[in-house]
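Trainee: Hi! I'm new to this one, could you walk me through it?
Mentor: Happy to. Have a look first, then ask away.

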Amino acid sequence: MHNSRLLLRSGLTLAAAALPAALAGPSAAASGISVSTTGTTVSVVTSACTQINGSWGTAALLTSSQANFSQGRQTPLAGTSVSQSAAWTGVSPGTYTVVVVCSSGSTAGSQSVVVSASSRPTIATTSRASAAPATTTGAGAAPSRGVMGGLGGAARDYGPLTLGVGAALVGAGVVATGWVLRRRSKPYRL
């Protein structure tokens, strides 16, 4: 009896907490469009538009200084009846608003997106001011062996003899463990 009252109280508390969120209306995720960025490319996907006269609609990329749809970088939507999409490449870093207008004239949605500066790896050359001659493989050349991963692998390179001895020790440990477990499984003998 006590458990059922506790469950009833918990259920009512959960329902009271979820009710305001349900009554608040559609959220930003339910705007009808999904916007994503990859480097300097912004793309939008929607399923809200229908094809009229061979056109799904148009998407526009607006900067913060642009006020309406016609001022933005416009591109036609392409896709199928399930999903339509558009993309812009070479977008400069900044905050943008993506607006999608279907061919019927209705707005599928709008969403803000931030394009960050792309971080491209650069190769920097350094000059050495020492008396001893430096041995290099070329300015900015990558190491010939790459990164040595693992526990402590980046600190020291072990030769084949050391690795062979370590493998032999691990093998001996596995054999010894098997022998001990087999001996323990047999009944005690006098």
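Trainee: Let me start with strand 5 and strand 6: in which sense do they pair, and over how many bridges?
Mentor: They pair in the antiparallel sense, over 2 bridges. Keep in mind that this is a predicted model. Strand 6 covers residues 84-88.

Trainee: And what's the bridge partner of Ala-78 in strand 6?
Mentor: That is Ser-85.

Trainee: Switching to the inside: which residues touch the most other members of the largest nonpolar core?
Mentor: Val-42, Val-44, Trp-88, Val-98 and Val-100 do, and the core has 19 residues. Strand 7 (94-102) is one of the strands that each supply at least two residues of this core. The largest share, 4 residues, comes from strand 7. In soluble globular proteins, nonpolar side chains tend to be buried together.

Trainee: What is Val-44 in contact with, leaving aside its neighbours within four places in sequence?
Mentor: Its contacts include Ile-33 and Val-35, along with Ala-59, Ser-85, Trp-88, Val-98 and Val-100.

Trainee: How about Thr-75, buried or exposed?
Mentor: Thr-75 counts as buried, because its relative accessibility is 16% and the cut-off for buried is under 20%. You'll find Thr-75 in strand 4 (residues 73-76). Beyond its neighbours within four places in sequence, Thr-75 is in contact with Thr-58, Ala-59, Ala-86, Ala-87 and Trp-88.

Trainee: Now a loop. Where is Asn-53?
Mentor: Asn-53 is in the loop between strand 2 (41-46) and strand 3 (57-63). Asn-53 has a positive phi of about 55°, although it is not a glycine.

Trainee: Is Asn-53 buried or exposed, then?
Mentor: Exposed, with a relative accessible area of 80%.

Trainee: Last topic, the surface. Which residues form a nonpolar patch there?
Mentor: Leu-161, Val-165 and Leu-169 form that patch, and together they have about 340 Å² of accessible area. Leu-169 sits in helix 2 (residues 160-185).

Trainee: Why does Leu-169 count as exposed?
Mentor: Because its relative accessible area is 61%, and exposed means over 50%.

Key
Residues numbered from 1 in each chain as written. Predicted model: local features only at pLDDT ≥ 70, side-chain atom pairs only at ≥ 80, totals over all residues. Heavy atoms only, no water. Patch = residues over 30% accessible without salt bridge, like charges linked within 9 Å, V, L, I, M, F, W, Y side chains within 5 Å. Areas by Shrake-Rupley, 256 points an atom, 1.4 Å probe, with all protein chains shown as cover. Salt bridge = Lys/Arg side-chain N within 4 Å of Asp/Glu carboxyl O. Buried < 20%, exposed > 50% of the residue type's maximum accessible area, 1.4 Å probe, protein only. Pairing = 2+ DSSP bridges. Core = buried A, V, L, I, M, F, W, Y, C linked by side-chain atoms within 4.5 Å. Contact = heavy atoms within 4.5 Å.
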